Amino acid sequence: MTQYQSAKCMQGMAVAPHSLAAESAVAVLREGGNAVEAMVAAAATIAVVYPHMNGIGGDGFWLISTPGHEPVAIQACGFAAQKASLDFYRQAGYQHIPVRGPLAANTVAGTVSGWEQALAWAEQNTANSPLPLPRLLKDAIHYARQGVPVSPGLHQQISSRLAQLHQHPGFLWPVCAIRQSVRCE
C-alpha cells in the first residue's frame, strides 16, 4: 500500500488562478511580507498575466481573517457615475446599457483603492515591517515589460472578441498568431 503525505509548506503558500501570480505571492512571503502584501502582489500579477479574469479596472472584495479576531471585510467597488442613468443611455442612442466599451463602465474602478485599504489595515494589524509598494508590484511590472506566454483561456477570450477589441485605441494583439492558429501556452 502506498502512503501519501500531505504537502507542507514551511515558508508560506499561495493559491491563484495563474501560477505566476501564486509565485509572486510566495516570493513576497519569503521576503517577510504578510498575507495581505502577498495577495496584492498576486492581484497585480494577475492583472498582467490573466487580465480576462481580474484587472485593475475592476472591483475588489477582501475578507481578511486573523486567528482570534473577527474577519475584516473591504468592499472596493466604486460608486456609479452620476450620469449613468437610463436617460443618459437613451439620449446616447442605446436601448440597453452596453456590455463592452467605455460606456459599459458604469462604476468607478475600486481595485487599487482596495489594495490601499488592505495594505493600510495590514500595516496597523501585523507585526512585520511593511514591504515597499514597488516590491509588491515588481513581478507585475516585470511581466508587463517582458511579456508572458498567453494562456489558452486568454487566447480563446481574445480570439472570440477580436473584432470588438480592435475598436479600442491601444489594443495590441499578435493577429498573425490567431490567423496562423498558433497555440499560445
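These legends describe close-up views of one predicted model.

The model is predicted: local features need pLDDT of at least 70, side-chain atom pairs count only at pLDDT 80 or more, and totals for chains, interfaces and linings use all residues. Residues are numbered from 1 along each chain as its sequence is written, and side-chain values use heavy atoms, with hydrogens and water left out.

View 1. Helices (H or I, at least four residues) and strands (E, at least two) are DSSP runs, numbered from the N terminus. Along the sequence the pattern reads α-α-β-β-α-α-α-α-α-α. The chain has 185 residues, and 31% of them are buried. Buried means under 20% relative accessible area, exposed over 50%, and partly exposed in between (1.4 Å probe, protein chains only). Take the contacts between residues at least 6 apart in sequence: 62% join residues at least 24 apart. A contact means heavy atoms within 4.5 Å.

**View 2. The largest nonpolar core holds 30 residues.** Such a core is a set of buried Ala, Val, Leu, Ile, Met, Phe, Trp, Tyr and Cys residues joined through side-chain atoms within 4.5 Å. Val36, Trp62 and Ile64 touch the most other members. Helices H1 (19-30), H2, H4 and H5 (133-146) and strands S1 and S2 (72-76) each give two or more residues. H2 gives the largest share, nine residues. In soluble globular proteins, nonpolar side chains tend to be buried together.

View 3. On a 1 Å grid over the protein atoms alone, a pocket is an open set of points where a 1.4 Å probe fits, with protein on both sides within 12 Å along at least five of seven lines; lining residues have an atom within 4 Å of a point. The lining has 24 residues, and Val36, Met39, Ala43, Phe61 and Trp62 lie nearest the centre. H2 (35-49), S1 (60-64) and H4 (111-125) each supply at least two lining residues. H2 supplies the largest share, six.

**View 4. Asparagine 34 lies in the loop between H1 and H2.** Asparagine 34 counts as buried because its relative accessibility is 10%. Among the residues it touches are Leu29, Ala122 and Thr126.

Key: Lists of a residue's contacts leave out its neighbours within four places in sequence.
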